[in-house]
Amino acid sequence: MPPAPRRIRIGIDTGGTFTDVVALDEDSGEMVTTKTPSTPADPADGFMAGIDKVLDLLDLPRGSGDAVTAVSHGTTVATNQLLEGKVEALGFITSEGYDAMLEIARQSVPDGYGNSYFWVKPPRIVPRDLVKGVGGRLDFTGAEVRPFDEEDARRVARWFRVRGIDTLGVCFLHSYANPDHEERMRAILREEHPEAVVSLSSEVLREYREYERAMTTLVDAAVKPRLSRYVANISRRLEQYGGRKVPFYVMKSNGGVLSADEVVHQPITTVLSGPAAGALGAALIAQVAGFDRVLTSDGGGTSTDVSVVIDGEPTLTTEGSVGAFPSKIPMIDVVTVGAGGGSIAWLSPEGTLKVGPRSAGADPGPICYARGGREVTITDAHVMLGRIPPHLLGGEIPLDAAAARAGVEALATELGMSPEACATGVLEISAWNQANALRQVTVKRGLDVRDFTLTTFGGSGSLLLCRLMDVLGIPTVLVPPNPGNVSAFGLLTVDVKNDYVQTHVTLHEALDVTTVQAAYDALATRARSALVKEGFAPEVHRFVRTADVRYFGQAFEVRVGVPDGDLDADALAEVARRFHAEHRALYGYDFSGDGSQQVEWVNLRVSGIGPITRPEIRKAGESSPPLDPPAGRAGSSRPVCFDAADGYVTTPVLWRPDLGPGHVVRGPVIIEEFGSTVPVHPGFAARVDDHLNIIVTKEA
């Protein structure tokens with residue numbers, strides 16, 4: 001009798017420089033990881049090469065997807081497009097008289113400027129000349145105050161068509177309460193401008209605040225063409241590979257996945273796709289290792305993404321942003337900074353050294369890649385200082401250390417300093433950029449960064465961990481095994497998840513239980529329909545209800561959980577109690593004992609969840625055998641510069657798979673593995689725990 005066919009589930013995280021792959025045998029629990037260079041010209045090439053490579057490791061034939069049961073994918077396509085400001089020609093259609101909505105914005109000044117006189121407002125996502133108003137008006141209940149002006153709408157549609165503006169966002173006043181006018185605008189666009197790609201605010205974000213709703217809709221429209229092409233290309237290649245339609249899921253910012261067929265209709269939900277998967281993977285690894293308060297730092301080729309995990313759950317927000325673009329969709333609370341391995345060091349007009357956010361990416365990449373890159377990057381600085389080896393991926397990709405040094409020397413000459421001081425300066429700026437991002441998710445939210453363990457991962461995530469410990473006062477850092485593949489691993493741990501919201505601004509005392517229950521039931525019905533469409537049986541569906549609540553007169557809300565089951569007066573009172581407690585935890589005070597301060601409900605939310613089986617994180621004795629170190633590395637050493645003033649010191653180089661549980665090493669030492677490197681500076685120590693995590697602490 002022939003053996004049963006194997007069932008392999010694959011997670012693939014495509015970054016700016018490398019594509020990370022993790023495969024899970026669903027029957028045996030065996031898990032293997034690998035990396036392959038990303039291919040920016042056609043990301044599907046790197047994606048498919050990663051599948052071939054991981055099937056090789058499982059002794060399965062290349063070019064055959066028979067054993068692949070599903071592929072989950074995290075992509076930085078939308079993230080990088082927004083971080084680098086590559087928004088193509090985009091048009092905005094709004095209510096007549098509100099054409100200046102984007103210019104007015106919220107009249108807020110970013111932190112660090114103090115007086116708005118010194119702040120120069122950045123360019124809007126849509127320039128003023130590409131904004132058009134259309135007549136018609138709804139009130140906040142959705143009732144029509146003035147009919148929709150169809151002739152005006154046709155004139156606007158033709159205006160955009162003539163000018164070749166094919167990507168459009170539509171946001172009319174109060175369309176969260178009634179989408180009729182927006183849907184009619186879309187119908188007219190289909191008639192007058194059939195080539196246009198259109199995003200409606202009533203579909204992207206059905207809640208009030210017109211500026212945030214408009215910005216979120218425009219970001220959705222901006223990333224839709226590129227992401228749709230990307231996902232369609234990979235879906236087609238996967239189908240050819242497997243000779244059938246392989247289930248293909250894309251990671252969303254909210255900590256869930258969605259089928260590729262559906263995600264192209266809501267591309268805004270993927271803007272933190274890769275970072276969200278990394279945060280979830282790191283959360284599970286740290287929880288198993290015994291840490292319940294964790295900061296995650298995912299360092300890739302283009303950016304570093306940080307988040308907070310408490311009791312195994314990453315925190316969620318609807319106040320996030322990517323680069324300069326705010327986004328109100330539910331997302332894991334990730335702060336992204338342009339401080340990845342490929343981030344470019346450059347001089348400002350004043351002669352000041354800056355690092356990022358512009359990145360060399362994978363092609364041409366850093367100078368040391370020898371692919372035509374001419375600008376010094378963070379990776380070049382590490383190579384010159386000896387902190388990473390003169391090759392990547394266990395020797396698969398040789399690096400040109402001499403070219404990296406020459407590039408750093410040229411930059412150092414412009415700055416009038418030594419090459420070592422220049423390289424360490426580049427890394428110091430990068431470390432402070434990362435530290436400031438970590439402060440954003442902790443100190444600015446009322447949390448003490450020193451109460452957390454930092455989990456570093458990604459190809460470049462662990463290179464500056466010792467400096468981050470110094471800057472922030474963090475006592476402990478955890479580096480998981482195969483840290484470059486944590487985001488890909490996270491893709492195998494996430495459920496299918498969809499979020500639905502409805503604005504319902506009502507004082508707590510005036511709430512009607514029947515109305516609130518009906519609103520939640522309607523949201524749950526939409527969520528249930530989506531889960532059935534994704535193939536989940538009704539008995540496994542799970543629904544999570546939350547509400548955005550504030551004190552009357554406040555500008556922003558706090559999200560709290562809503563009890564399961566049928567709602568009654570006691571359940572609504574419990575929501576108010578939870579709000580008081582959460583407000584006190586966030587801001588240090590509440591008005592629970594002050595009858596003059598009224599509680600106000602703002603938005604009702606439902607998340608529909610289709611659960612998957614998570615991989616088991618095994619102890620060392622149950623894990624895969626160690627990989628053989630590349631020739632000439634085990635027990636070797638090389639000159640490494642940790643401090644420009646001290647110069648180079650001969651430093652031992654260890655191969656991580658040789659280090660078993662309980663192994664302790666003291667800095668200076670370099671710990672290398674296939675996809676990442678951990679420099680342990682003088683004054684620090686590293687030990688290996690039962691799950692083969694490296695735990696770094698500072699020696700007294």
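Tutor: We may start with H174, which sits in the loop between β9 (167–171) and α5 (180–192). The model is predicted, so local features need pLDDT of at least 70 and side-chain atom pairs count only at pLDDT 80 or more, while totals for chains, interfaces and linings use all residues. Residues are numbered from 1 along each chain as its sequence is written, and side-chain values use heavy atoms, with hydrogens and water left out.

Student: How do you know where a helix or a strand begins and ends?

Tutor: Helices (H or I, at least four residues) and strands (E, at least two) are DSSP runs, numbered from the N terminus. The protein chain has 16 helices and 37 strands.

Student: What makes the phi of H174 worth noting?

Tutor: Most residues other than glycine have a negative phi, and most peptide bonds are trans. H174 is not a glycine, yet its phi is positive, about 65°. R209, also a residue other than glycine, has a positive phi near 85°; R209 is in the loop between α6 (201–204) and α7 (210–242).

Student: Why is R209 called buried?

Tutor: Buried means under 20% relative accessible area, exposed over 50%, and partly exposed in between (1.4 Å probe, protein chains only). R209 has a relative accessible area of 10%, and therefore counts as buried. Buried residues make up 57% of the 700 residues in the protein chain.

Student: Which peptide bond is cis with omega near 0°, and which has omega of about 5°?

Tutor: The bond from G356 to P357 has omega near 0°, and P357 lies in strand β22 (residues 353–359). The cis bond with omega of about 5° joins G667 and P668; P668 lies in the loop between β33 (664–666) and β34 (669–672).

Student: Why do M331 and D333 count as buried?

Tutor: M331, in strand β19 (residues 331–332), has 0% relative accessibility and so counts as buried. D333, in the loop between β19 and β20 (335–337), has 7% and is therefore buried as well.

Student: What does M331 touch beyond its neighbours in sequence?

Tutor: Contact means heavy atoms within 4.5 Å. Setting aside neighbours within four places in sequence, the contacts of M331 include S253, N254, V271 and L272. The C-alpha atoms of M331 and L272 are 7.5 Å apart, although 59 residues separate the two along the chain. For D333, with residues up to four places away not counted, the partners include V306, S307, V441 and R445.

Student: Why is α10 called roughly perpendicular to α11?

Tutor: Axes are lines fitted to C-alpha atoms, for helices over the stretch in contact, and angles run from 0 to 180 degrees between N-to-C directions. The axes of α10 (residues 378–385) and α11 (residues 401–415) come within 9 Å and cross at roughly 110°. That makes the two helices roughly perpendicular, because angles under 35 degrees count as roughly parallel, over 145 as roughly antiparallel, 65 to 115 as roughly perpendicular and the rest as oblique. D380, V383 and M384 in α10 meet A401, A404, R405 and V408 in α11.

Student: How do you know that the radius of gyration agrees with a compact globule?

Tutor: The radius is taken over C-alpha atoms, and the globule rule is 2.2 Å times the number of residues to the power 0.38. For 700 residues a compact globule would have a value near 27 Å; the protein chain has 26 Å, which agrees.
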